[in-house]
Amino acid sequence: MEKQKSTIRQRADEIKDHRCKNLIAVIEEPNDIKNIGTIIRNVNALGVEKTYIVDSRKALPDDWQEMRERKSLSKTSVSAIKWSFVKRFDSTEECLGHLEKNRFISVVTSPHVKGKENCILHETDYTKFTRLAVWFGNESRGISDLAVERSQFCVSIPMFGMIESLNLGTTSGIVLYEITKQRRAYQLKYKRANRGPNKSINFVPAAPDS
Ligand SMILES: C[S@@+](CC[C@H](N)C(=O)[O-])C[C@H]1O[C@@H](n2cnc3c(N)ncnc32)[C@H](O)[C@@H]1O
């Protein structure tokens with residue numbers, strides 16, 4: 001038991017500096033527990049800081065501890081839920097209000113052209129915003145108009161097949177891989193620049209035209 005604890009502590013220390021600070025994945029009204037579990041697993045594996053879930057059906061518990069002990073989530077996330085911060089909201093409005101109060105910029109994902117500005121996943125810079133929330137929509141309805149309206153831009157993964165969209169869980173892996181890759185490299189660059197007596201990471205947004 002002691003040995004297991006120290007291995008877990010060692011791993012936690014190793015990954016600490018590689019987690020992406022101020023990055024949140026938001027799942028809006030997911031229906032399928034398998035997709036929720038897959039996203040939590042991807043969030044944990046890729047070093048995203050938190051998962052927020054808009055759950056107006058109240059399918060999930062409010063209490064974090066209860067959420068972590070939920071068998072269905074533990075099973076579908078392959079226990080990643082135990083090591084993840086997950087918070088639920090009653091509505092999109094409530095979640096957006098919370099994010100905006102905490103100075104997070106939202107971006108939505110969709111296979112369709114939506115909102116003010118549309119971007120291709122791998123052609124976009126995700127380091128411009130210190131605090132970033134990435135939204136994923138419902139399995140059949142997609143992302144809501146409200147989330148689109150209150151977001152900076154809409155990100156798409158180009159589609160080259162006959163079907164309209166990717167699976168929700170699959171999308172989260174592809175999108176979060178690109179975003180965490182960019183933000184991790186940016187964080188590490190600033191960390192290196194700040195090495196010296198003070199080792200804190202000064203994670204500031206890039207200048208507009210740099
Ligand atoms: C199965 S899709 C929803 C399809 C829905 N008919 C629609 O109109 O969006 C579920 C979610 O996965 C994400 N998604 C799926 N394919 C995507 C793609 N090619 N680019 C970006 N996001 C995608 C979006 O967040 C979407 O809301």
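Close-up 1. The model shown here is predicted. Of the 17 residues around the ligand, the ones that come nearest are Thr-109, Pro-111, Gly-137, Gly-142 and Ser-165.

**Close-up 2. Helix 5, residues 92-101, has Thr-92, Cys-95, Leu-96 and Leu-99 as its buried residues.** These residues sit on the same side of helix 5, because they cover an arc of only 95 degrees around the axis. The general rule is handy here: an α-helix has 3.6 residues a turn, so residues three or four places apart point the same way.

**Close-up 3. After helix 5 comes Arg-103, a residue with a positive phi near 60 degrees.** As a reminder, most residues other than glycine have a negative phi.

**Close-up 4. Glu-29 is a residue other than glycine with a positive phi, near 50 degrees.** Look for Glu-29 in the loop that runs between strand 1 and helix 2 (33-46). Glu-29 counts as buried because 20 other C-beta atoms lie within 10 Å.

**Close-up 5. Ser-79 is not a glycine, yet its phi is positive, at about 70 degrees.** The loop between helix 4 (71-76) and strand 3 is where Ser-79 is found. Ser-79 has 15 C-beta neighbours inside 10 Å, so Ser-79 counts as partly exposed.

Key:
Residues are numbered from 1 along each chain as its sequence is written. This is a predicted model: local features need pLDDT of at least 70, side-chain atom pairs count only at pLDDT 80 or more; totals for chains, interfaces and linings use all residues. A residue is near a molecule or strand if its C-beta atom, placed from the backbone, lies within 6 Å of it. A residue is buried if 20 or more other C-beta atoms lie within 10 Å of its own, exposed if 12 or fewer, and partly exposed in between; C-beta atoms are placed from the backbone. Helices (H or I, at least four residues) and strands (E, at least two) are DSSP runs, numbered from the N terminus. The arc is that of the directions from the helix axis to the C-beta atoms.
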